[in-house]
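User: I am new to this structure and would like to learn how to read it. Could we take one feature at a time?

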Amino acid sequence: MKTENAWKKYQDKKEVFDFCEEYKNFMSCCKTERECVSRMVDLAVKAGYENLEEVIASGKELKPGDKVYANNMGKTLAMYIIGEEPMEKGMRILGAHVDSPRLDLKQNPLYEDTELALLDTHYYGGVKKYQWVTLPMALHGVVVKKNGEIVQVSIGEKAEEPVVGISDLLIHLSGKQMQKNASEVVEGENLNVLIGSIPLEDQEEEPVKAQILQILKESYGIEEEDFLSAELEVVPAGAARDYGLDKSMVMAYGHDDRVCAYPSFMAMLAQDKVKYTSVCLLVDKEEIGSVGATGMESRFFENTTAEVMNAAGQYSELSLRRALKNSMMLSSDVSAAFDPNYPEVMEKKNSAYLGHGITFNKYTGSRGKSGSNDANPEYIAKLRKVMEENHVAFQTAELGKVDQGGGGTIAYILANYDMEVIDCGVAVLNMHAPWEIASKVDIYEAYRGYCVFLKEM
Ligand code: MN
Ligand code: MN
């Protein structure tokens with residue numbers, strides 16, 4: 001039952017490395033759900049995808065082979081390639097999420113304390129707070145002004161731009177802090193981002209804050225009150241990098257879950273004519289429970305599928321339900337890679353290993369599989385067969401030992417339509433840390449596995 005190291009399959013590793021060069025570029029530029037969706041829409045349009053809204057407005061009928069996308073509030077993306085078979089026979093759906101753990105600015109974030117200007121944050125997703133201090137950080141996001149203008153913000157990525165960050169207590173004065181429980185070593189309310197220290201001339205009250213406000217006004221045309229309608233994320237600054245002397249891995253911010261979203265997206269772009277309608281669904285808000293209009297719990301996907309079926313002349317309420325019920329899905333999210341530094345949390349036979357290909361998780365959840373989608377063996381058998389026939393390296397795993405912890409994904413939400421769903425994805429080290437590690441060959445095998453799923457299942 002042991003799996004092979006997938007690197008052994010590649011005499012010439014160029015195709016693996018080339019694919020991951022593009023992935024690194026993507027990861028260096030796209031650090032928020034909005035940036036991911038915006039970049040992917042650009043690439044999809046270049047690849048011949050039409051905006052579903054425009055298709056509907058024009059009254060054009062969608063035919064097999066036609067490609068459309070729907071952009072939900074700039075944070076969720078659904079892409080479709082119309083299949084030769086009627087949609088009610090089912091779709092082949094690749095799902096993943098494009099939000100990642102980070103620090104969000106509060107609505108009223110800016111203040112001055114002892115002649116320093118700081119931004120107050122509220123963390124998003126599950127983080128070990130002590131990992132987020134003393135790092136170069138960047139600010140990404142949007143500020144929406146009262147007149148509706150959307151100001152794009154990105155500070156801290158270019159070499160000539162400043163970075164910001166959160167201070168930590170010096171070791172010399174940390175006697176008490178070092179006695180604390182790790183979850184309290186750095187308190188959530190202390191995740192304050194230092195952004196300035198020069199007082200504005202002739203300003204009596206809060207002169208440093210005033211100076212920062214002046215910079216924001218000059219650079220972005222925004223006032224302090226505009227923070228009320230902003231979505232600004234504090235993320236690790238800097239590019240994705242090769243990791244390891246052999247450059248076999250990628251270190252990046254936000255592998256969870258862009259390391260599944262990007263290969264899913266690329267697999268979609270690699271398809272032309274498909275038997276069953278292909279779908280790529282990249283959602284937001286997974287890290288906080290898949291809630292809201294842009295999370296997987298939203299009706300967005302169901303409504304969009306209804307629109308696509310209607311535009312293809314195939315809609316009825318019953319046909320829509322059948323299309324969903326007869327679908328198959330790969331719900332992709334990161335897996336925990338076996339870490340030789342922490343073997344005690346893993347059960348070796350049922351762990352994911354870096355370099356052993358795409359990981360399938362029959363179930364996730366915690367305790368007695370609570371919160372899990374437990375995939376059917378009939379479905380897994382079909383997947384095994386096509387992956388093997390197409391020489392895709394895959395492994396199976398669960399997230400750590402029984403009762404060690406656990407986690408959830410979007411799988412169970414799509415399974416509510418009574419379709420076949422399985423969790424799968426790429427294994428990472430340092431999951432939810434500012435910088436996560438993934439194996440290049442796993443990223444490439446995921447891409448190949450997704451292509452096979454769309455073509456052969
Ligand atoms: Mn995830
Ligand atoms: Mn996560």
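Analyst: Glutamate 287 is buried, its relative accessible area being 13%. Keep in mind that this is a predicted model.

User: Why does glutamate 287 count as buried?

Analyst: Buried means under 20% relative accessible area. Glutamate 287 has 13%, so it counts as buried. Aspartate 256, at 2% relative accessibility, is buried as well.

User: Where in the chain do aspartate 256 and glutamate 287 lie?

Analyst: Aspartate 256 is in helix H6 (residues 255-269), and glutamate 287 is in the loop between strand E13 (277-283) and helix H7 (300-311). They are 31 residues apart, and the pair links distant parts of the chain.

User: Which residue coordinates both the manganese ion (ligand 1) and the manganese ion (ligand 2)?

Analyst: Aspartate 256 coordinates both ions, which are 3.2 Å apart. In other words, aspartate 256 bridges them.

User: What are the protein donors of the manganese ion (ligand 1)?

Analyst: They are His97 (NE2), Asp256 (OD), Asp333 (OD) and Asp333 (OD), lying 2.1 to 2.5 Å from the ion. The spacing of the donor residues in sequence is H-x158-D-x76-D. Histidine 97 is in strand E4 (residues 91-97), while aspartate 333 is in the loop between strand E14 (328-332) and strand E15 (335-336). These two residues are 236 residues apart and link distant parts of the chain.

User: Are histidine 97 and aspartate 333 buried or exposed?

Analyst: Both are buried.

User: Let us go on to salt bridges. How many does a search of the whole structure find?

Analyst: A salt bridge pairs a side-chain nitrogen of Lys or Arg with a carboxyl oxygen of Asp or Glu within 4 Å. The search finds 34 salt bridges. One of them joins lysine 9 and glutamate 445, with 3.0 Å between the closest N and O atoms. Lysine 9 is in the segment before helix H1 (14-29) and glutamate 445 is in helix H11 (residues 440-456), 436 residues apart.

User: How accessible are lysine 9 and glutamate 445?

Analyst: Lysine 9 is partly exposed at 37% relative accessibility, whereas glutamate 445 is buried at 0%.

User: What does the salt bridge between glutamate 88 and arginine 322 tie together?

Analyst: The side chains of these two residues meet at 3.7 Å, N to O. Glutamate 88 lies in the loop between strand E3 (76-81) and E4, and arginine 322 lies in helix H8 (residues 317-325), so the pair ties together parts that are 234 residues apart in sequence. Glutamate 88 is partly exposed, with a relative accessible area of 27%. Arginine 322 is also partly exposed, with 39%.

User: Where do lysine 209 and glutamate 224 lie?

Analyst: The side chains of lysine 209 and glutamate 224 form a salt bridge at 2.9 Å, N to O. Lysine 209 is in helix H5 and glutamate 224 is in the loop between H5 and strand E10 (230-236), so the pair ties together parts 15 residues apart in sequence. Lysine 209 is buried at 11% relative accessibility, and glutamate 224 is partly exposed at 27%. Elsewhere, Glu21, Lys24, Asp242 and Lys440 are joined into one network by salt bridges that share partners.

User: Last, the surface patches. Which residues form the negative one?

Analyst: Glu201, Asp202, Glu204 and Glu205 form the negative surface patch. Glutamate 201 sits in the loop between strand E9 (192-196) and helix H5 (207-220), and it is exposed, with a relative accessible area of 69%.

User: Which residues form a nonpolar patch on the surface?

Analyst: Leu169, Leu170 and Leu173 do, with about 290 Å² of accessible area together. Leucine 173 is in the loop between strand E8 (150-155) and helix H4 (182-185). At 60% relative accessibility, leucine 173 counts as exposed.

How values were computed
Residues numbered from 1 in each chain as written. Chains lettered and ligands numbered in written order. Predicted model: local features only at pLDDT ≥ 70, side-chain atom pairs only at ≥ 80, totals over all residues. Heavy atoms only, no water. Patch = residues over 30% accessible without salt bridge, like charges linked within 9 Å, V, L, I, M, F, W, Y side chains within 5 Å. Areas by Shrake-Rupley, 256 points an atom, 1.4 Å probe, with all protein chains shown as cover. Lys, Arg positive; Asp, Glu negative; His and termini not counted. Charge placed at Lys NZ, Arg CZ, Asp CG, Glu CD. Helix = DSSP H or I, 4+ residues; strand = E, 2+ residues; numbered from the N terminus. Buried < 20%, exposed > 50% of the residue type's maximum accessible area, 1.4 Å probe, protein only. Donors = N, O, S within 2.8 Å, 3.2 Å for Na, K, Ca; no water.
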